[in-house]
Amino acid sequence: QVQLVESGGGLVQAGGSLRLSCAASGISFSSDFMGWYRQAPGKQRQLVARITGGGITNYADSVKDRFTISRDNAKNTVYLQIHSLKPEDTAVYYCNMNHYGIDFWGKGTLVTVSS
């Protein structure tokens, strides 16, 4: 079975940093688009960052220059390095894999940023 498991969330002060990890099992995603999404209370889930199998990245405007997505295909893991956290970054962060048009999701990891 395909599983995506996120880790690394927690409570951080504004201005702090976190690194989120997403480990995939049951599938190799080297050629797949991987992404991080987040959903804050009362808001819809939105794309934060995406990385192609070839390493091309893009980001939501709200996180540009603060978040960095990367992948290690040998470890079947994707990362989200977050700097300069803001209270509005508080959300559940979800890992996503698009495998030949099919989306797979992790259960999410909560990031809470205190002011």
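This is a short chat about a predicted model of a protein chain.

Q: Hi! Before we dig in, what kind of model is this, and where does the numbering start?
A: This is a predicted model, where local features need pLDDT of at least 70, side-chain atom pairs count only at pLDDT 80 or more, and totals for chains, interfaces and linings use all residues. Residues are numbered from 1 along each chain as its sequence is written, and side-chain values use heavy atoms, with hydrogens and water left out.

Q: Great. How many helices and strands does the protein chain have?
A: There are 0 helices and 11 strands, so reading along the sequence gives β-β-β-β-β-β-β-β-β-β-β. Here helices (H or I, at least four residues) and strands (E, at least two) are DSSP runs, numbered from the N terminus.

Q: And what is the radius of gyration?
A: The protein chain has 13 Å, which agrees with the value near 13 Å for a compact globule of 115 residues. That radius is taken over C-alpha atoms, and the globule rule is 2.2 Å times the number of residues to the power 0.38. Along its principal axes, the C-alpha trace spans about 40 × 25 × 25 Å.

Q: What share of the residues count as buried?
A: Of the 115 residues, 39% do. Buried means under 20% relative accessible area, exposed over 50%, and partly exposed in between (1.4 Å probe, protein chains only).

Q: Which residues touch the most other members of the largest nonpolar core?
A: Those are W36, V78, L80 and Y93, in a core of 28 residues. Such a core is a set of buried Ala, Val, Leu, Ile, Met, Phe, Trp, Tyr and Cys residues joined through side-chain atoms within 4.5 Å. Among the elements that give two or more residues to this core are β3 (18-25), β4 (33-39) and β8 (77-82).

Q: Why would nonpolar side chains be buried together?
A: In soluble globular proteins, nonpolar side chains tend to do that.

Q: Let's pick L80. What does L80 touch?
A: Leaving out residues up to four places away in sequence, L80 touches L18, R19, L20, W36, V48, A49, F67, T68, I69 and Y93. Contact means heavy atoms within 4.5 Å.

Q: New topic: where is S17, and which residues is S17 in contact with?
A: S17 sits in the loop between β2 (10-13) and β3. Beyond its neighbours within four places in sequence, S17 is in contact with V12, Q81, I82, H83, S84 and L85. S17 and H83 are 66 residues apart in sequence and 4.4 Å apart in space, C-alpha to C-alpha.

Q: Is S17 buried, partly exposed or exposed?
A: S17 is partly exposed, because its relative accessible area is 38%.

Q: You listed S84 there. What is the phi of S84?
A: Phi of S84 is near 50°, a positive value in a residue other than glycine. S84 lies in the loop between β8 and β9 and is partly exposed, with a relative accessible area of 40%.

Q: What about the phi of D65?
A: D65 has a phi near 75°, a positive value in a residue other than glycine. D65 lies in the loop between β6 (57-59) and β7, and at 82% relative accessibility D65 counts as exposed.

Q: Last one: where is F33, and what does F33 touch?
A: F33 is in strand β4 and is partly exposed at 36% relative accessibility. Not counting residues up to four places away in sequence, F33 touches R50, I51, T52, N96, M97 and N98. F33 and V92 are 59 residues apart in sequence and 20 Å apart in space, C-alpha to C-alpha.
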